[in-house]
Amino acid sequence: MAASKKYYDTHKAAKDKKNAYMKKYMQTETAKRIRRNADKHRDKGSVGDGLDYSHRDGKLVPEAKHRSKDKKKKPNKSKLHIT
């Protein structure tokens with residue numbers, strides 16, 4: 001269990017204060033924009049689509065298929081090989 005959940009479960013006043021703030025915040029344009037963007041990209045990055053997505057310039061950008069498997073073929077050139 002996360003530390004914050006334990007805290008809010010044991011401190012009712014703090015939980016009520018947080019929930020009151022979140023209720024107000026979720027009605028702001030910023031929160032609505034974030035939720036709209038999340039809903040638009042809900043299916044991206046799910047298991048089985050074969051693509052990874054990265055966050056660049058505030059957008060989700062599709063990457064090459066299974067990037068982690070390419071590491072043996074394309075090693076990181078920026079590593080220093082000091083012996």
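Let's start with burial. Of the 83 residues in this protein, 8% count as buried. Buried means under 20% relative accessible area, exposed over 50%, and partly exposed in between, with a 1.4 Å probe and protein chains only. This is a predicted model, where local features need pLDDT of at least 70, side-chain atom pairs count only at pLDDT 80 or more, and totals for chains, interfaces and linings use all residues. Residues are numbered from 1 along each chain as its sequence is written, and side-chain values use heavy atoms, with hydrogens and water left out.

Now the surface. The protein exposes about 7,900 Å². Carbon and sulfur atoms supply 55% of that area. The method is Shrake-Rupley with a 1.4 Å probe.

Next, the elements. There are 3 helices and 2 strands. Along the sequence, the pattern reads α-α-α-β-β. These are DSSP runs, numbered from the N terminus: helices are H or I with at least four residues, strands are E with at least two.

Helix α1 covers residues 3-10, and helix α2 covers residues 12-25. Their axes come within 5 Å and cross at roughly 110 degrees. Axes here are lines fitted to C-alpha atoms over the stretch in contact, and angles run from 0 to 180 degrees between N-to-C directions. So α1 and α2 are roughly perpendicular to each other; that label covers 65 to 115 degrees.

Who touches whom? From α1, Tyr7, Tyr8, Asp9 and Thr10. From α2, Lys12, Ala14, Lys15 and Lys18. Contact means heavy atoms within 4.5 Å. By class, that makes 3 nonpolar, 1 polar and 4 charged residues.

On to the strands. Strand β1 (residues 53-56) and strand β2 (residues 59-62) pair in the antiparallel sense over 4 bridges. Pairing requires at least two bridges found by DSSP. Ser54 stands opposite Val61 in β2, and Arg56 stands opposite Lys59.

Last, contact range. Take contacts with a separation of 6 or more: residues 24 or more positions apart account for 0% of them.

Definitions and conventions
Parallel < 35°, antiparallel > 145°, perpendicular 65-115°, else oblique. Nonpolar A, V, L, I, M, F, W, Y, C, P; charged D, E, K, R; others polar.
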